[in-house]
Amino acid sequence: DCLTCLVDTGTAVETFFPRTIEFAAGKREKLKRYLDVTRAELFFARRVIFVEGAAELMLMNVLASRAGFDLRKCAVSLISVEGLNFDSFLPLFGEGALKIPVALITDADPAQEQDGDGISQALYPVMGDVVTVSANTAKMKEREDAYVKVFHGLKTLEYDLALHADNRAAMLVALKELHPRIGDAVEAMVAAADGEAAKAKALFIGMFERAQNNVQKGRFGQSLAEVLANPETPCVAPEYIRDAIAHACQFEAPAE
């Protein structure tokens, strides 16, 4: 309520009062609960990348680096909304609010399809597929303007990473460091699978869709970030991640 933001738009310095923004019912109150010291940085940020949770937060800097970007030099603030609470943050940005580049990175969480027996099956798209995103992701896309852009892959960050052979090798190394026995079993499943999509599915299911004791995404993200921090470890940043970082940094995405 007491903040006044001055934004250098490149041609002028504009004033913005966060208290003037109208939020949907309950969203302003939720934002107030979420504004800890880290997330309050958004009012002073020059550029912002919003992510869903700890795994993305752990991995974004190293993926940016491997894609040819330096988020620190570009003054990009990484902020996790801890779930799908983007709609409590996005009203503060855009053509009618804070005019700074904002990239929102979220899972596509594609709609489920039904087989011949009417049983709902999770989708595991392949590169080049056009997916029907979740209702929440579609809702966020409606908020896009010149400053705010929403980026999603085919399924989730971990699955989209696993679609690339180099990333699968790094992911298995990270998994074995956390859970050696699970890592060995998943590695065998991946080796037995035929095709990139099947291998990605085997890796994803073996970690995050287990019958019990799923691998914690936050811990895995931290382990994978450490593996990928080694410049000699092959790594491919998914296209939507590169595009999101390029928008936030206001540069063209480097060629893969």
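Colleague: Why does Phe50 count as buried?

Modeller: Happy to explain, and please keep in mind that this is a predicted model. Phe50 has 0% relative accessibility. Buried means under 20%, so Phe50 counts as buried.

Colleague: What makes Phe50 and Phe89 an aromatic pair that is tilted?

Modeller: Their centres are 5.5 Å apart, and rings pair if the centres lie within 6.5 Å. The angle between the planes is 55°. Stacked needs under 30 degrees and edge-to-face needs over 60, with the rest counted as tilted, so this pair is tilted. By this rule the count comes to 6 aromatic pairs.

Colleague: Why does the pair of Phe50 and Phe89 tie together parts that are 39 residues apart in sequence?

Modeller: Because Phe50 belongs to strand 3 (residues 47-51), while Phe89 is in the loop between strand 4 (76-80) and strand 5 (102-106). Phe89 also counts as buried, because its relative accessibility is 1%.

Colleague: Why is the pair of Tyr124 and Tyr159 tilted?

Modeller: The ring centres are 6.0 Å apart and the planes stand at 55°, so that pair is tilted. Tyr124 is in the loop between strand 7 (120-121) and helix 3 (135-141), and Tyr159 is in helix 4 (residues 157-162), 35 residues apart. Both Tyr124 and Tyr159 are buried. They form one aromatic cluster together with Phe204, Phe208 and Phe220.

Colleague: How do you know that the charged end of Lys155 sits over the ring of Tyr124?

Modeller: The distance from the ring centre is 4.6 Å, and the cut-off is 6 Å, with the charge also within 35 degrees of the ring normal.

Colleague: Which residues touch the most other members of the largest nonpolar core?

Modeller: Among the 55 residues of that core, they are Ile49, Leu59, Leu63, Phe220, Leu224 and Ile245. Helix 9 (residues 239-249) gives the largest share of this core, with 7 residues. Apart from it lies another core, of 26 residues, including Leu42 and Val81. Leaving out residues up to four places away in sequence, Ile49 touches several residues, among them Leu71, Ile105 and Ile245.

Colleague: And why is Glu29 called partly exposed?

Modeller: Glu29, in helix 1 (residues 27-34), has 44% relative accessibility. Buried is under 20% and exposed is over 50%, so Glu29 falls in between and counts as partly exposed.

Technical notes:
Residues are numbered from 1 along each chain as its sequence is written. This is a predicted model: local features need pLDDT of at least 70, side-chain atom pairs count only at pLDDT 80 or more; totals for chains, interfaces and linings use all residues. Side-chain values use heavy atoms; hydrogens and water are left out. A nonpolar core is a set of buried Ala, Val, Leu, Ile, Met, Phe, Trp, Tyr and Cys residues joined through side-chain atoms within 4.5 Å. Buried means under 20% relative accessible area, exposed over 50%, partly exposed in between (1.4 Å probe, protein chains only). Helices (H or I, at least four residues) and strands (E, at least two) are DSSP runs, numbered from the N terminus. Contact means heavy atoms within 4.5 Å.
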